[in-house]
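Student: Could we go through this structure by question and answer? I would like to start with its surface.

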Amino acid sequence: MSDSALWTALADPHRRAIVALLLERPRPVGEIVEACGLSQPSTSKHLKVLREAGLVRVRQDAQRRVYALDPAPIADLDVWLAPYRELWNRSLDKLARRLDETAPDDPEEPAPKD
């Protein structure tokens with residue numbers, strides 16, 4: 001799996017919806033079709049992209065194909081996002097400090113009326 005395949009797979013909102021659905025539990029294709037409101041061929045194309053990116057696994061269960069989320073690429077994505085999450089946390093911490101500095105001394109005191 002390449003990073004670009006992962007990003008391409010997750011760029012589409014229908015594929016993200018399928019990933020979110022599979023986060024709950026493995027599902028057969030028919031359930032995915034019904035839940036996403038897509039045609040069966042369209043859903044199959046999205047599942048193929050997700051499978052090729054390594055995001056989902058498929059197993060045969062009698063006549064059904066059951067898809068499950070593969071957490072490994074998501075874990076890789078989480079590792080990649082970690083520095084950006086830290087950047088946001090620092091920015092939010094700075095904002096909180098600034099808001100604390102500019103907050104009125106008495107939070108019970110009503111704001112002045114014009």
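Student: Which residues make the nonpolar surface patch of about 430 Å²?
Tutor: The model is predicted: local features need pLDDT of at least 70 and side-chain atom pairs 80 or more, while totals for chains, interfaces and linings use all residues. Residues are numbered from 1 along each chain as its sequence is written, and side-chain values use heavy atoms, without hydrogens and water. A patch takes residues with over 30% relative accessible area and no salt bridge, joining nonpolar side chains (Val, Leu, Ile, Met, Phe, Trp, Tyr) within 5 Å. Here the patch is made by W7, W80, Y84 and L87.

Student: Is W7 buried, partly exposed or exposed?
Tutor: W7 sits in helix α1, residues 3-11. Buried means under 20% relative accessible area, exposed over 50%, and partly exposed in between (1.4 Å probe, protein chains only). W7 has 39% relative accessibility, so W7 counts as partly exposed.

Student: What is the order of the strands in the open sheet?
Tutor: Strands are DSSP runs of E with at least two residues, and helices are runs of H or I with at least four. Two strands pair if DSSP finds at least two bridges between them. The edge strands, β1 (27-28) and β2 (56-61), each pair on one side only. With antiparallel pairing, the order is β1-β3-β2.

Student: Which residue in β3 is the bridge partner of P28?
Tutor: β1 and β3 (residues 64-69) pair in the antiparallel sense over two bridges. In β3, the partner of P28 is V66.

Terms used: Patches are made of residues with over 30% relative accessible area and no salt bridge: like charges are joined within 9 Å, nonpolar side chains (Val, Leu, Ile, Met, Phe, Trp, Tyr) within 5 Å. Accessible areas come from the Shrake-Rupley method with a 1.4 Å probe; for residues, only the protein chains shown count as cover. A salt bridge is a side-chain nitrogen of Lys or Arg within 4 Å of a carboxyl oxygen of Asp or Glu.
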